[in-house]
Amino acid sequence: MSLHVDRLHQIPAALTETKRRRDAFVALDSDTPASDVVRAFDRIGLPLVEVLHSAGVMPSVHPDADVRQLAETRQQEAATFATEMSLDREVFERLSKLELPADADAATRRRLEHALRDFRRSGVDRDEATRDRVRALQDRMVELGQTFDRAIAQSSKSIVFEGGHAVLSGLPADFLASHPEGEDGSVTITTDPPDALPIMMYADDVDVRKRLYMESMTRAYPENFDTLRSLLSCRRELAQLLGYDSWADYVTEDKMSKSGGRVAEFIDQVSDLSSVRGTQEYADLLEEKRKTDPTADSVELYEWVHLVERIRKQRFEFDSQEARAYFPYDATLKGLLELTSELYGVTFQVVQDADTWHADVVTYDLLEKGEVIGRFHLDMFPRKDKYKHAMMVDFVVGLDGEFLPEGGLVCNFSKPKDGDPALMLHTQVTTLFHEFGHLMHFLMARRHEYLAFGGISCEWDFVEVPSQLYEEWAWDPAVLARFAKKPGTDQAIPADLVQRMRAAEEYGKGLRMGIQMTYATQSLDLHRLDPATIDFDAITRQIREQRTPFREVEGTHQAAQFGHLNGYSAIYYTYAWSDVIARDLWREFESDVMNADKFGGYKDKVLAAGGSQDAADMVESFLGRPFSFDAYEAWLSR
Ligand SMILES: [Zn+2]
């Protein structure tokens with residue numbers, strides 16, 4: 001038995017103990033000091049802290065199917081308990097009657113306010129009929145969301161190109177090698193991203209791209225339009241039952257943005273800023289297109305990625321393979337750890353023979369001034385039955401005097417072998433920095449008196465700020481020169497290569513942001529309008545023209561396969577929101593990237609604060625002013 005499997009087995013006893021604590025909480029003497037009541041409430045879930053999160057992680061990483069299954073079962077049990085707690089009237093009443101003394105500290109006040117807000121948002125204070133309806137709507141929303149996602153997941157289509165490799169000219173050799181021609185000379189391509197992205201980028205033949213685009217943008221149609229309409233109706237009804245105008249207002253209430261109206265303003269602002277750039281880029285693309293099609297008067301959605309790629313090659317002479325030579329996996333990770341040591345004032349120590357879930361996993365202790373302050377596991381290489389992308393995971397949230405934080409990264413980089421240093425693409429390097437940014441945020445926010453404020457417990461639209469910010473260091477020529485060297489040599493990556501790489505990567509950002517704002521607007525508007533009257537295709541068409549120079553391709557049904565409409569509902573804007581703040585913060589560092597004092601201020605005021613303050617206040621306390629759009633605007637126009 002290993003540690004994480006052990007933890008799964010301990011969950012039922014921990015749940016029982018948690019229920020006992022809930023009963024003890026409700027039975028607290030009426031003369032218990034109010035701050036103690038808040039504290040006792042916060043700690044009802046204490047027995048679960050060290051065991052529960054393994055159930056969240058193991059389904060994505062454990063090699064043994066029985067363990068993954070067990071973990072999912074435990075997760076469901078805990079989720080059922082969490083729902084019960086959110087509708088627990090006795091607990092709510094005990095808290096809602098509390099009056100904090102005038103000298104209660106800010107953290108205690110905030111903890112109580114948030115608890116009452118969350119209870120109200122679950123409908124616990126409503127009459128029984130309303131609560132029953134809320135519960136029914138919530139169950140139905142989960143079901144509809146799963147149906148929506150499943151239809152997308154199962155909507156993959158295959159296209160047979162009779163002409164074989166001849167029609168795929170422009171695609172790299174390794175792509176063709178992994179898509180051999182069949183006996184009849186044809187080749188099969190799917191709409192899944194590993195096929196679709198290279199085709200949209202490299203295929204010379206516009207008809208190939210168009211065919212793939214059409215197949216892709218008609219996935220999960222028409223069935224998902226009905227599902228989506230029902231899902232939107234449930235959300236709207238729930239929000240209105242609880243006293244909000246729309247789901248957009250409900251779901252943003254506990255975010256930095258606070259209201260659907262504020263999000264709409266934000267999207268308009270970003271759109272206005274990016275449209276100037278986007279218009280220029282669109283003109284470039286049209287000019288490029290006219291080289292092969294002299295009478296062209298527009299660029300279509302199945303053309304722009306390819307045209308951007310052509311312009312990138314011509315203008316910046318950048319080839320991603322050229323940069324890859326400088327990023328062997330081991331040296332890159334070592335470089336990142338050394339950089340992090342300097343900036344954060346910490347050190348790392350490998351834990352030999354740590355108890356984990358797979359032999360590939362390496363465990364580190366994090367030390368500050370010689371004292372262990374946390375632990376993390378790096379599970380970095382692909383294997384069967386493992387999660388396919390990159391994410392940060394958390395096992396134990398830090399709590400002052402009780403628990404040290406324990407987190408980890410789950411990634412899919414190539415594994416170095418004898419004679420193969422596993423060179424990384426620069427985009428993988430930025431992914432590594434990004435995820436490490438999340439991890440350090442999680443590990444730094446460890447010293448809170450309340451469990452609810454530890455780790456990454458800030459508002460959802462702030463979550464990507466520390467990770468997006470840390471990516472910037474992976475673009476700095478001097479930082480990269482410290483460790484990005486050709487294996488077996490002292491030859492560091494040339495600054496001009498980094499600059500070309502950056503310019504190439506940034507080209508197309510105006511159009512990219514315009515398209516992002518199409519999604520953000522769609523995500524918001526669908527949750528503000530009455531779903532009964534929405535024409536999904538018409539609204540998509542109208543938003544596309546409002547936000548970008550493109551027109552919607554006739555015969556496509558984009559909303560049917562826009563998966564974020566389930567997971568993110570109205571808040572697709574959060575990506576851009578985080579980006580605006582991250583760019584503002586980066587201004588503080590860009591002229592002196594290794595300034596550890598400055599970084600220490602950010603670490604203390606922003607990261608370590610966890611969820612104990614509003615994110616806007618943390619940022620303001622670091623910057624000495626509220627965050628602004630200026631840096632973002634400067635980035636867009638450079
Ligand atoms: Zn992220």
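**A mixed sheet and a contact between domains**

In this predicted model, strand β3 pairs with strand β4, which covers residues 362-368, and the two run in the antiparallel sense, joined over four bridges. Strands of a sheet pair through backbone hydrogen bonds, and they may do so either parallel or antiparallel.

The pair belongs to an open sheet of five strands, whose order is β3-β4-β5-β7-β6 and whose pairing is mixed. At the edges stand β3 (347-350) and β6 (391-396), and each has a single partner strand, so one side of each is left without a neighbour in the sheet. Neighbouring strands of this sheet are turned against each other by 30 degrees on average, if direction is ignored. Helix α3, made of residues 52-61, lies across β5 (371-379), β6 and β7 (406-410), and the helix runs at about 140 degrees to β6.

Turning to the whole chain, the protein is divided into domain 1 (3-125), domain 2 (156-216), domain 3 (220-293 + 512-638) and domain 4 (329-507). The C-alpha centres of domain 3 and domain 4 lie 26 Å apart, and the contact between these two domains takes 27 residues from domain 3 and 31 residues from domain 4. On the side of domain 3 that touches domain 4, α24 (574-586) and α25 (596-607) each supply at least two residues, and α24 gives the most, with nine residues. Sorted by class, this side of domain 3 has 16 nonpolar, seven polar and four charged residues.

Methods
Residues are numbered from 1 along each chain as its sequence is written. This is a predicted model: local features need pLDDT of at least 70, side-chain atom pairs count only at pLDDT 80 or more; totals for chains, interfaces and linings use all residues. Two strands pair if DSSP finds at least two bridges between them. Axes are lines fitted to C-alpha atoms, for helices over the stretch in contact, and angles run from 0 to 180 degrees between N-to-C directions. Two residues are in contact if their C-beta atoms, placed from the backbone, lie within 7 Å. Domain bounds come from an automatic or database domain assignment. Ala, Val, Leu, Ile, Met, Phe, Trp, Tyr, Cys and Pro count as nonpolar, Asp, Glu, Lys and Arg as charged, and the others, Gly among them, as polar.
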